[in-house]
Amino acid sequence: MAGKMNRKIVLEDGSEYAGYGFGDDCDRVCEIVFNTSMVGYQEIVSDPTYMYQMVVMTYPIIGTCGVSDDGETKTPTIGGLIVREYNDLPSNFRYVKTLSEVMEENHIPGIYGLDTRKLTRTIRDNGCCKVLITSIDTPTEKALEIIKNTDIPTDAVSKVSCKRKWYSRTHNAKYNIVVVDCGLEDNVIDILNSYGCNVAVVPYDTTAEDILAMKPDGVFITDGPGAPEDTPCLVELVNALKGKCPIFGSGLGHEVIALSYGGKISKLKFGHRGVNHPVKNLLNGIVEVTSQNHGYVVDADSLKSTKLEIVQLNIIDLTVEGMRCTEDKVFAIQYQTESALSSLDSECLFCQFLNSMKEEKDNA
């Protein structure tokens, strides 16, 4: 760090943190959250679920590996990035751009040099709130006025979803799956292909009639940004599809499935964002370490009068992490998809989804 600090963030309670800018130098209001991952900043920056969110990285040194071609999406949409120390001299032989270059190209502001430990504790103790990243010269009163008069948009899913249908096919396919894109990560398609699934990716607002016309063996509803109540069309979609073909939901997909059955959603104080969250499978007692990125959870009590069965719980706070309705062949997980798709355990919800598709084909 050298020279005069040129950027700062202002929280809606009036607290300020000064630092040095990197990436784009635009001003932006977002929801501030923190992620406890020690690795994977490239995956975090390119995760569509962080639309309209500014992420505080609790690991202190970010940027040392640069950015390779392994991002979750081709166009990052994260609201902003806050780090303790930024390294602009990557040592990874595979890097093609620095993190700052990628952020600048995609109009993502960043700031480093501030006390991220104090900032994280503030979010943990007081909860998520709005934050403005701006010039160091912006008066506090003006910053607070901007924050007060700026609402976080509720159109995040429409911004990150694909705009037209596209396909990813594989050799010797066993199943044809329709993926409803609410904020799709590229590696999900690769894993589905590896399981012998031809994939048709459709926009989030595709109708049930259009999906059923494709004669899918199953429907996969992806994770995505924002509150599930912001996308009522997804709840309507699940209501129209359940019982007609197997359904698997992840993250936001998990939440809209709960809403479709009459469940309720609540917002966590500061969310689950990190790569070391323990989840217990109630069907076999196995504890898995999962990667998570969500600010909303399903209210467990609200599911008691529904057809959904809770089958996975977060060990730390006992929030719902997995549900199923075997009658309708509907399965859902709250955590990120990768670990669920890599498990071959028979009690894995994704494996149950695959088995349901197999049963449907065998009985056809």
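## A tour of pockets, a cavity and a helix pair

Start with the largest pocket, which has a volume of about 440 Å³. Keep in mind that this is a predicted model. To find the pocket, select Glu 31, Gln 53, Gly 226, Ala 227 and Tyr 296. Of the 28 residues that line the largest pocket, these are the closest to its centre.

Now colour the secondary structure. Which elements each supply at least two residues of this lining? Two are the strands β9 (129-135) and β15 (265-281). The others are β16 (287-298) and the helix α9. Next, colour the lining of the largest pocket by residue class.

Move on to the second largest pocket. About 320 Å³ of space lies there. Select Thr 73, Lys 74, Thr 75, Val 160 and Leu 184. Among the 14 residues that line the second largest pocket, these five are the closest to its centre. Colour this lining by class too. It divides into five nonpolar, five polar and four charged residues.

Keep Leu 184 selected, for this residue also lines the largest cavity. How many cavities of 30 Å³ or more does a search of the whole structure find? The search finds two. The largest cavity has a volume of about 80 Å³.

- Gly 183, Leu 184, Glu 185 and Val 188 are part of the lining.
- Phe 220, Thr 222 and Asp 223 also line the cavity.
- Gln 336, Thr 337 and Glu 338 complete the list.

By class, the lining of the largest cavity has three nonpolar, four polar and three charged residues.

Last stop: a pair of helices. Select α8 (residues 232-241) and α9 (residues 252-260). Are the two helices roughly parallel or roughly perpendicular to each other? Angles of 65 to 115 degrees count as roughly perpendicular, so α8 and α9 are roughly perpendicular to each other. Their crossing is right-handed.

Now show the side chains where the helices touch. From α8, the contact uses Leu 234, Val 235, Val 238 and Asn 239. From α9, it uses Leu 252, Val 256, Ile 257, Leu 259 and Ser 260. Colour these contact residues by class. Seven are nonpolar, two are polar and none is charged.

Methods. Residues are numbered from 1 along each chain as its sequence is written. This is a predicted model: local features need pLDDT of at least 70, side-chain atom pairs count only at pLDDT 80 or more; totals for chains, interfaces and linings use all residues. Side-chain values use heavy atoms; hydrogens and water are left out. Axes are lines fitted to C-alpha atoms, for helices over the stretch in contact, and angles run from 0 to 180 degrees between N-to-C directions. Helices (H or I, at least four residues) and strands (E, at least two) are DSSP runs, numbered from the N terminus. Angles under 35 degrees count as roughly parallel, over 145 as roughly antiparallel, 65 to 115 as roughly perpendicular and the rest as oblique. A crossing is left-handed if the near helix is turned anticlockwise from the far one by less than a right angle, and right-handed if clockwise. Contact means heavy atoms within 4.5 Å. Ala, Val, Leu, Ile, Met, Phe, Trp, Tyr, Cys and Pro count as nonpolar, Asp, Glu, Lys and Arg as charged, and the others, Gly among them, as polar. On a 1 Å grid over the protein atoms alone, a cavity is a set of points where a 1.4 Å probe fits but cannot get out, and a pocket is an open set with protein on both sides within 12 Å along at least five of seven lines; lining residues have an atom within 4 Å of a point. Grid points are joined across faces, edges and corners, and a volume is the space filled by probe spheres set on the points.
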